[in-house]
Amino acid sequence: MTDRFNLILIAALAAAGLLVLGLLLRSELARRREREREARRVDRQLRSLTGALRESVVAYDLDLRLQFVNPAFTAVTGYGTDELRERNFIDYVHPDDHAAVTAEREKLARGGAPVDQEYRIIRKDGQERWVSSTWQMMRDDDGNPVGYLGTELDITEKKRGQERLRDDAELFQAVMQVQQAVAEAGLDSQTVMRVIAERGLALTGAAGAVVEMLQGEDLVPRVAVGVDAPAHRLRSGLSAAAVRTGEMQRADDAAADPRIDRRIVEQDGMRSIVVVPLKAEGRVLGVLRVVAPEPGTFRDRDARALELLGGMMGSAVSHAAAFEGRQSRLEDRTRALQESEQRFKHLVDAAQEGIWVVDDRGLTTYANQRMADLLGHGHGELTGRPIFDFVEPAARPDLQRLVAAGAGELRAPRDVRFRRRDGGELWATVATNPIVGREGAFVGTVAMVSDITERKRAEDRLRRTAERLRALHELDQAVLAADSPAAVGAAALSHLRGLIPCHRCTVVLYDFVAGEAELVAGMAGSGAIPGGRIPLSEFSPAATLRRGAVRQVADITALPERPPMIERIAADGVRALLSVPLLVEGEAIGELNIGSATPNGLTPEHREIALEVATPLATAIQQARLRSEVARHTVELERRVEERTAELREANAELEAFSYSVSHDLRAPIRHLGGFAQLLLEDHGTELGARARHYAERIRAGAREMAALVDDLLSLARVSRQDLVRRRTDLDALVADLRTEFAPETEKRGIEWQVDPLPAVNADPALMRVAVGNLLANAVKFTAPRERAQIHVYPVEAEGQTGLAVADNGVGFGMAHAGRLFGVFERLHRPEEFEGTGVGLAIVQRIVQKHGGRVWAEAEPDRGATFYLTVGSDSAG
């Protein structure tokens, strides 16, 4: 009985337990369904709230499985939600940015703070886009990490804009340099046009540049660099189109451009052409044309640079468009902020720019984390404080106008200087939009703050560098214009004081041989320091000075030992001293001393400026010394040349007189000798034996050769003594007349003459006949061995002189012997081969020299020779 009761009791208890368990399970299932409905409701609400955002929102669990993505994220990547679930996050990041993105994700997983990061993604279509992202950990109610939440903003256009801005800045800098070069060219139009052409060439990397100016209906080239440019009519082509339209014309391949004559392309070989009109007050004065032989040489940047050179137009429109774009983006962000200020505060904190919201009194109602970081404050420390507390006093009026501007008023962005918590400065561009209440009343302002501190610092450095370069350029010009070491030093110090606030400055030159230093220039206060010589020992040991090292003393009074010169300048009020060596080819020739009345008053920038000044100063002083030395040697050399010239002139006169006298006195005996030998042969030839008759013939031939030699010597002497009587001499007629003299021999031998049209020269006709006749006679003589002799006479121009050349196909000669050709009695062939006295070419050279011309020859053995003759002075046409 008891056992049965126990069994019934156990069964009842089991049924009751099952009932309780069922009730518990039912309750748990109800709560789970409620949580799922709540989760779906939250998910729908989140998707609804993030669907209209421009920023991408994406969430992953700790295993990087996609949990949530808004439409902006799918739009920027090009992938659908299902496709994204199948891909790892890193798959659409650019390979070059994998490491940086992964490192930041790992840092965040280890508990690191969220960091703004910019990287590239690869869209599904292969397109590359830039995004700015911020990732943070998602945590449950207990604070445990459950995943990653990221926001991404497509900043591709911003990046491209920055790239264009850099290009425009470089372009602007280049154009400013061109403007400065044009300004330095002065008022000479030719120089200005050359500067424009040369800078246009350098700016674009072209092969040639031409400045063409309008003259009536013609475009006339005024300056051509690297190319030839004939004048042409305004009928067709790119230059004519640029003049007609007043706009730039460009051809990336002239061979395929219907506007350009194909024959011109084939003639000059230029395939890339850009033509820019040069306009003044709306009127086209001419064009700048740049060319290159390769197609597609010029980029759009080159075209823009040339357009700026031609007119400097379009910048205002560009700036206005840029401002409108920024204003539009600012308004979009302001509206987005007003719609989601409370619900998406964490997204605002992840923004790349500082966001500052103030009420109508200027009190801070909200500042995102980025804004707090920029000013060096903690999150929330700015709230309730006036925005003006963080601004430099000088910038407060501008900021007050920005913040106080009511609804509907134009608010242009302004650059404002803030003061950071650590005392440093923050430069930022502040763009503002009004916040309007429900009834349209102005209730506050939202400001977008972009950090431009580095840009401002770069602009400041650039401005100081430009001012310094301008001053150094003026100093270089003044130094180069000086004509003595003292004047060079004075000019340098005068300009140096505009760059370095010096209490006392001097230029000193060393004389190591004498152990002295010469003060060539010095300035103290408003007056000059008189020059003089000082022992080197009063400066520093000679070995120290020879090393050419920079010496700088921050405070003279702190020196334990002071040389006498240091004592003297300290007495003049100098406390800091900088001594920079003047080096020429590594050797110290002196030093530039700069003294400041303030301890530590000479900064590293002053030291850098002094080094930049010292190099051209040393060169200019050395050049001044060399000019003085050259001038002294030139005077001495001119005196010696005059003495030697007088001696040579006297010796030549005596030699010519002697030669003429001897030659004249020898003619009668030689004529008698030849005549009697002739009579002996004619009257008694039959009575003489063979040997005696041979001797008599030898005497007659020798007398004939001697007479010819004496005649040539007399001709040479007469040429030297004869005065020039210049007049128009027709070389055509002269050569034709001389050919008739050679006709008997040339016709018998069948010599082929080729005489090209020859010019007329301003010369002595008689002497020119002798010179040309000798050249033609040599050509006839030395072609004798040829079965088909050829002589070619043609015009020649060399070094601005006009003349003729006589070429033959005779025996020629080796150029190794060319130096002997024009000497008296010089012969390159044996007498038994070719007759002659060896004086003819000496006569030719003497005649040509009297005319201020040149005579020279080119030849090869057994290949013929060519003799060139040109005449100095003006051509007769």
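Which residue in E28 is the bridge partner of Val796? The partner is Gly803.

The model is predicted: local features need pLDDT of at least 70, side-chain atom pairs count only at pLDDT 80 or more, and totals for chains, interfaces and linings use all residues. Residues are numbered from 1 along each chain as its sequence is written, and side-chain values use heavy atoms, with hydrogens and water left out.

**Strand E28 and its partners**

Helices (H or I, at least four residues) and strands (E, at least two) are DSSP runs, numbered from the N terminus. Two strands pair if DSSP finds at least two bridges between them. E27 and E28 run antiparallel, joined by eight bridges. Two residues lie between the strands of this hairpin, where Glu799 takes a positive phi near 55°. E28 also runs antiparallel to E30, with seven bridges. There, Asp808 stands opposite Ala865 of E30.

Is E28 mostly covered or mostly open? It is mostly covered: eight of its eight residues are buried. Buried means under 20% relative accessible area, exposed means over 50%, and partly exposed lies in between (1.4 Å probe, protein chains only). Both faces of E28 are covered. Gln801, Gly803, Ala805 and Ala807 are buried on one side. Thr802, Leu804, Val806 and Asp808 are buried on the other.

**Two nonpolar cores**

A nonpolar core is a set of buried Ala, Val, Leu, Ile, Met, Phe, Trp, Tyr and Cys residues joined through side-chain atoms within 4.5 Å. In soluble globular proteins, nonpolar side chains tend to be buried together. The largest core here has 36 residues. Met768, Val772, Leu776, Ile791, Val806 and Leu869 have the most contacts inside it. Several elements each supply at least two residues of this core, among them helix H20 (731-741), strand E27 (790-798), strand E28 (801-808) and strand E30 (864-871). Helix H22 gives the largest share, eight residues.

Val772 shows who touches whom. Leaving aside neighbours within four places in sequence, Val772 is in contact (heavy atoms within 4.5 Å) with Leu734, Val735, Leu738 and Leu804. A second, separate core has 30 residues, including Val580, Leu582, Val613 and Ile621.

**Salt bridges**

Side chains of opposite charge can pair when their charged atoms come close. A salt bridge is a side-chain nitrogen of Lys or Arg within 4 Å of a carboxyl oxygen of Asp or Glu. How many salt bridges does the structure hold? It holds 31. The table lists some of them.

| Salt bridge | N to O distance |
|---|---|
| Arg120 and Asp97 | 3.1 Å |
| Arg420 and Asp422 | 3.5 Å |
| Glu636 and Arg640 | 3.0 Å |

Arg120 and Asp97 link distant parts of the chain, 23 residues apart. Arg120 sits in strand E3 (residues 116-122), and Asp97 is in the loop between helix H3 (81-85) and helix H4 (98-109). Arg120 is buried, because its relative accessible area is 17%. Asp97 is buried too, at 12%.

Arg420 is partly exposed, at 25% relative accessible area.

Glu636 and Arg640 both lie in helix H18 (residues 604-684). They are four residues apart, about one turn of the helix. Glu636 is partly exposed, at 29%. Elsewhere, salt bridges that share partners join Asp511, Glu516, Glu518 and Arg533 into one network.
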